[in-house]
Amino acid sequence: MSLPSPSITPVSGSADRTARPLALDNVTLEYPDGGGTVKALDGVSLSVGAGQMVSLVGPSGSGKSSLLAVAATLVRPTSGNVVIDGVSTTDRRDAELTALRREKVGIIFQQPNLLPSLTAVEQLMIGHHLRGMPLKAARSRARELLGLVGLDGSAEKRPHQLSGGQKQRVNIARALMGGPKVLLVDEPTAALDHERSASIVGLLRQVTDEFQVATVMVTHDTEFVPLTDAVAVMRDGGLTAPVRPDVHHSGV
Ligand SMILES: Nc1ncnc2c1ncn2[C@@H]1O[C@H](COP(=O)(O)OP(=O)(O)O)[C@@H](O)[C@H]1O
Ligand SMILES: [Mg+2]
């Protein structure tokens, strides 16, 4: 298997923008703050290729979650552009963004947010069935994905019967249901012990390779950074150059 070349590059040319599943181009995000504004993102450019996994680190309040929210099209940037799988999101209507997000983006937060009354397989099926996927197809895809994340024997269990690590695996499997091109992960291991954290990051690496998604993982745990292709550091809303020597940083 050949590893993808430059893992993370600021978007410079248009070819780059369309070739990579995720591209943020000079993105700024301001929140109202009292009489003024606070800049959560300040001219951030980042692109991630298929099968690449980028760690996003930085102090609390530096803008990591804001970057994921903008990349997920959950929050519109104040300026700049986000391109998902070649689709530029500027000037799209909310309904179009919702459709794009469902189709292309998998989102994994620290808290799995499972519905207490549903079994693992139902957690995966429900959204897709409600949006028109036939029950049988939804069930079969859900079972397949649960197997992939190591939960073959737990498909019929409800959240209270699952460990924290197992719940996070359900969360990951659920994010893969729509066949996303981009996976955005915010501190997936913050609530887990060391061993479980390692296996969750290992699983994210595996699904990034297997499904050729572009993955951005916010982590405070620099120990897991070597499992990823590059590390991007946020400070005061800005992204510093990736620190891995094998990573290109063009356009500077
Ligand atoms: N919804 C919001 N409204 C106002 N300010 C926000 C909001 N979300 C985040 N911020 C501010 O934006 C900055 C970046 O926050 P965040 O992206 O959550 O950082 P991190 O995830 O790195 O801790 C912080 O100053 C934070 O207070
Ligand atoms: Mg955060």
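**Close-up views of a predicted model**

Strand β4 (residues 53-57) pairs in the parallel sense with strand β9 (residues 214-218) over 4 bridges. The model is a predicted one, in which local features need pLDDT of at least 70, side-chain atom pairs count only at pLDDT 80 or more, and totals for chains, interfaces and linings use all residues. Residues are numbered from 1 along each chain as its sequence is written, while chains are lettered from A and ligands numbered from 1 in the order in which they are written.

**View 1. The open sheet that holds β4 and β9.** Six strands form an open sheet with mixed pairing, in the order β7-β8-β9-β4-β10-β11. Its edge strands, β7 (105-108) and β11 (238-240), each pair on one side only. From one strand to the next the twist averages 20°. Strands (E, at least two residues) and helices (H or I, at least four) are DSSP runs, numbered from the N terminus. Two strands are taken to pair if DSSP finds at least two bridges between them. In a regular strand, side chains alternate between the two faces of the sheet.

View 2. Strand β2 (residues 22-33) pairs with β5 (residues 79-84) in the antiparallel sense over 5 bridges. Along this pair, Leu24 stands opposite Val82 of β5, and Leu22 has Ile84 of β5 as its bridge partner. β2 also pairs with β3 in the antiparallel sense, over 9 bridges, and there Glu30 has Lys39 of β3 as its bridge partner. The hairpin of β2 and β3 has 2 residues between the strands, and Gly34 takes a positive phi near 60° in it. β5 is joined by 2 bridges to strand β6 (residues 87-88), and the two run antiparallel. Ser88 in β6 is the bridge partner of Val83. The hairpin of β5 and β6 likewise has 2 residues between the strands, with Asp85 at a positive phi near 50°.

**View 3. The shell around ligand 1.** Ligand 1 is surrounded by Tyr31, Val38, Ala40, Gly58, Ser60, Gly61, Ser62, Gly63, Lys64, Ser65 and Ser66. A residue is placed near the ligand if its C-beta atom, placed from the backbone, lies within 6 Å of it. β3 (36-48) and α2 (64-71) each supply at least two residues of this shell, and α2 gives the most, with 3 residues. By class, the shell has 3 nonpolar, 7 polar and 1 charged residues. Here Ala, Val, Leu, Ile, Met, Phe, Trp, Tyr, Cys and Pro count as nonpolar, Asp, Glu, Lys and Arg as charged, and the others, Gly among them, as polar.

**View 4. Packing of helix α4 against α5.** The axes of α4 (residues 120-130) and α5 (residues 135-148) come within 9 Å and cross at roughly 135°. The two helices are therefore oblique to each other. Angles under 35 degrees count as roughly parallel, over 145 as roughly antiparallel, 65 to 115 as roughly perpendicular and the rest as oblique. Axes are lines fitted to C-alpha atoms, for helices over the stretch in contact, and angles run from 0 to 180 degrees between N-to-C directions. The crossing of α4 and α5 is right-handed, a term used if the near helix is turned clockwise from the far one by less than a right angle. Ala120, Val121, Leu124, Met125, His128 and His129 of α4 meet Leu135, Ala138, Arg139, Ala142, Arg143, Leu145 and Leu146 of α5. Residues are in contact if their C-beta atoms, placed from the backbone, lie within 7 Å. The contact residues divide into 9 nonpolar, 2 polar and 2 charged.

View 5. Ala120, Gln123 and Leu124 of α4 make the contact with Val170, Ala173 and Arg174 of α6. This contact has 4 nonpolar, 1 polar and 1 charged residues. The axes of α6 (residues 164-175) and α7 (residues 194-211) come within 10 Å and cross at roughly 15°, which makes α6 roughly parallel to α7. The crossing of α6 and α7 is right-handed. Gly164, Gly165, Gln168, Arg169 and Ile172 of α6 are in contact with Arg196, Ser199, Ile200, Leu203, Leu204 and Val207 of α7. The residues of the contact of α6 with α7 divide into 5 nonpolar, 4 polar and 2 charged.

How values were computed:
Two residues are in contact if their C-beta atoms, placed from the backbone, lie within 7 Å.
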